[in-house]
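Please look at the sequence and the model below. The text then goes through surface, domains and an aromatic pair.

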Amino acid sequence: MYEGVVQDLIDELGRLPGVGPKSAQRIAFHVLQSDPTDVRRLAHALLEVKDKVRFCAVCGNVAEAERCRVCLDPRRDLAVICVVEEPKDVVAIERTREFRGRYHVLGGAISPIEGVGPDDLRIRELLSRLADGTVTELILATDPNLEGEATATYLARLCKPMGLKVTRLASGLPVGGDLEYADEVTLGRAFEGRRLLDV
């Protein structure tokens, strides 16, 4: 559609997740119209993140050193590990300020359709973290979808013989939602996870 480098930029932007052809074109033209220093700053940030950011050797979270800030924090509870699919899930849980344990990032979820099996995830690393007996509870915080449920079930069965307390995040109705718009699975989970009202 466009001349050389402009089309190359649109093509590269279009390869990003969640960026369709129209969005890629809009971003490309925004870059073209932007101040050169802004574009250099963006290019520099992209190169820096690729050069400096790695995955934590312990938990698999993003880090600029060998270990992430959560694994380096001595105030964290070593006895509890929260298992998540991606580093972005760590950020979501940290925003709640409710969890004071450590994390383990799997790097995805079991998905036979996409060809992702247990060997493609960081499950071996999780098992080696559990081997010394320090961890007493494993919280499975995978996504509440088919792949996340399959992954949680697989991990629960794998870890049950270790004598760990294996828990799953509750799921159900969102705050501010209406019952009439809830699907059957969500409403069913809300009933299963109901709790005593302490008044």
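Val-49 counts as partly exposed because its relative accessibility is 45%; buried means under 20% relative accessible area, exposed over 50%, and partly exposed in between, with a 1.4 Å probe and protein chains only. The model is predicted: local features need pLDDT of at least 70, side-chain atom pairs count only at pLDDT 80 or more, and totals for chains, interfaces and linings use all residues. Residues are numbered from 1 along each chain as its sequence is written, and side-chain values use heavy atoms, with hydrogens and water left out.

Val-49 lies in helix H3, residues 36–52; helices (H or I, at least four residues) and strands (E, at least two) are DSSP runs, numbered from the N terminus. With Val-53, Phe-55 and Val-62, Val-49 forms a nonpolar patch on the surface, and together these residues have about 340 Å² of accessible area. Such a patch takes residues with over 30% relative accessible area and no salt bridge, and joins nonpolar side chains (Val, Leu, Ile, Met, Phe, Trp, Tyr) within 5 Å and like charges within 9 Å. A salt bridge is a side-chain nitrogen of Lys or Arg within 4 Å of a carboxyl oxygen of Asp or Glu. Accessible areas come from the Shrake-Rupley method with a 1.4 Å probe, and for residues only the protein chains shown count as cover.

By an automatic or database assignment, the protein chain is divided into domain 1 (3–51), domain 2 (65–166) and domain 3 (171–198). The C-alpha centres of domain 2 and domain 3 are 25 Å apart.

UniProt, in an unreviewed entry, lists residues 56–71 as "zinc finger region: C4-type"; UniProt positions follow the numbering used here, feature names are shortened, and annotations may be inferred rather than shown by experiment. The span 56–71 is 19% helix and 12% strand, and its end C-alpha atoms lie 8 Å apart. The unreviewed entry also lists "domain: Toprim" at residues 79–174. For residues 79–174, the end C-alpha atoms lie 29 Å apart, with 33% helix and 18% strand.

Glu-98 sits in the loop between helix H5 (87–96) and strand E4 (102–105). Its relative accessibility is 69%, so Glu-98 counts as exposed. A distance of 30 Å separates the C-alpha atoms of Glu-98 and Asp-120, which are 22 residues apart along the chain.

The structure holds one aromatic pair. Phe-99 and Tyr-103 form this edge-to-face pair, at 5.1 Å centre to centre and 65° between the planes; rings of Phe, Tyr and Trp (its six-membered ring) pair if their centres lie within 6.5 Å, and planes under 30 degrees apart count as stacked, over 60 as edge-to-face and the rest as tilted. Phe-99 counts as buried because its relative accessibility is 12%, and Tyr-103 is buried with a relative accessible area of 1%.
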